[in-house]
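Subject: The model I promised you

Hi there,

Here is the model we talked about, ready for you to open in your viewer. Please have a look, and then read on for my notes.

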Amino acid sequence: VLSMGSAHRDYRLLFATLAELGLPAVVVAGRHAVEGLTVPANVSVRSGLSAEECYALVRRARVSVIPVDNEHTASGQVTLLDAMMFGRPVIVTDCPASTDYVTDKLDALLVRRGDHDQMKLAVGTLWEDSAQRRALGRAARATAIDRFSDEAIGKRMGDILADVAQRP
């Protein structure tokens, strides 16, 4: 299990979930994001990694989890898009921005903010269900390429500029 990022993450929830499940996990975050929390023995916390080191971890992840503790502004979208581009199955908190990028049970699993039981069920299920991991990962990659790649955004921007240029 991989979780990355420092902005408004709910590592307290994730650590409690991972402690109960006993699954091997890596969390990549600034030290401030985990300060004061008890890190379970099955979780390794890393920080100060290069982008390439982070990408290598994402490519190897069985499941990517983005636990967000923020109901007012966007958090976690860079981590989400990176995991999607690499075709990794993602569990992300249902919060601002995540719902703009993914559709629950199609290209990611959405969990309610702070819901321990739902997070535990999502992580445990995806860990065990290779068919669901493959399906979510394929759909996530397709969504990322079709909607959020440089090419897709460039085309959309070109369409907008063409529309504006035709106006009086």
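This is a predicted model: local features need pLDDT of at least 70, side-chain atom pairs count only at pLDDT 80 or more; totals for chains, interfaces and linings use all residues.

Residues are numbered from 1 along each chain as its sequence is written, and side-chain values use heavy atoms, with hydrogens and water left out.

Back to D69 and its surroundings. D69 sits in the loop between β4 (64–66) and α4 (77–85). Helices (H or I, at least four residues) and strands (E, at least two) are DSSP runs, numbered from the N terminus. D69 and D10 are 59 residues apart along the chain, yet their C-alpha atoms are separated by 5.0 Å. With a relative accessibility of 39%, D69 counts as partly exposed; buried means under 20% relative accessible area, exposed over 50%, and partly exposed in between (1.4 Å probe, protein chains only).

H8 has a phi near 55°, a positive value in a residue other than glycine. As background, most residues other than glycine have a negative phi. H8 is partly exposed, at 45% relative accessible area. A97 also has a positive phi, near 85°, and is likewise not a glycine. A97 is found in the loop between β5 (90–93) and α5 (98–101), and its relative accessibility of 10% makes it buried.

Now the chain as a whole. It holds eight helices and six strands, and from the N terminus on the order is β-α-β-α-β-α-β-α-β-α-β-α-α-α. The radius of gyration is 17 Å, close to the 15 Å that the globule rule gives for 168 residues, so the chain is as compact as a globular protein of that length. That radius is taken over C-alpha atoms, and the globule rule is 2.2 Å times the number of residues to the power 0.38. The C-alpha trace spans about 65 × 35 × 30 Å along its principal axes. Of the 168 residues, 43% count as buried. Among contacts with a separation of 6 or more, 60% come from residues 24 or more positions apart. The accessible surface is about 8900 Å², and 52% of it belongs to carbon and sulfur atoms (Shrake-Rupley method with a 1.4 Å probe; for residues, only the protein chains shown count as cover).

Helix α1 (residues 11–21) has Y11, L13, L14, F15, T17 and L18 as its buried residues. Those buried residues pack against β1 (2–4), β2 (25–28), α2 (31–34), β3 (43–46), β4 and α6. Just after α1, G22 takes a positive phi of about 70°.

Then there are the helix pairs. Axes are lines fitted to C-alpha atoms, for helices over the stretch in contact, and angles run from 0 to 180 degrees between N-to-C directions. Angles under 35 degrees count as roughly parallel, over 145 as roughly antiparallel, 65 to 115 as roughly perpendicular and the rest as oblique.

- Helix α6 (residues 116–128) packs on helix α7 (residues 130–148) at about 100°, with axes 5 Å apart, and the two are therefore roughly perpendicular. T125, L126, W127 and E128 of α6 make the contact with S130, Q132, R133 and L136 of α7.
- α7 and helix α8 (residues 150–165) pack at about 30°, with axes 5 Å apart, and are therefore roughly parallel. Here I145, D146, R147 and F148 in α7 meet D150, A152 and I153 in α8.
- The axes of α4 and α7 come within 7 Å and cross at roughly 115°, which makes α4 roughly perpendicular to α7. L81, M84 and M85 of α4 meet A140, R141, T143, A144, I145 and F148 of α7.

From C-alpha to C-alpha, G154 and K120 are 38 Å apart in space and 34 residues apart in sequence.

Best wishes

Definitions and conventions:
Contact means heavy atoms within 4.5 Å.
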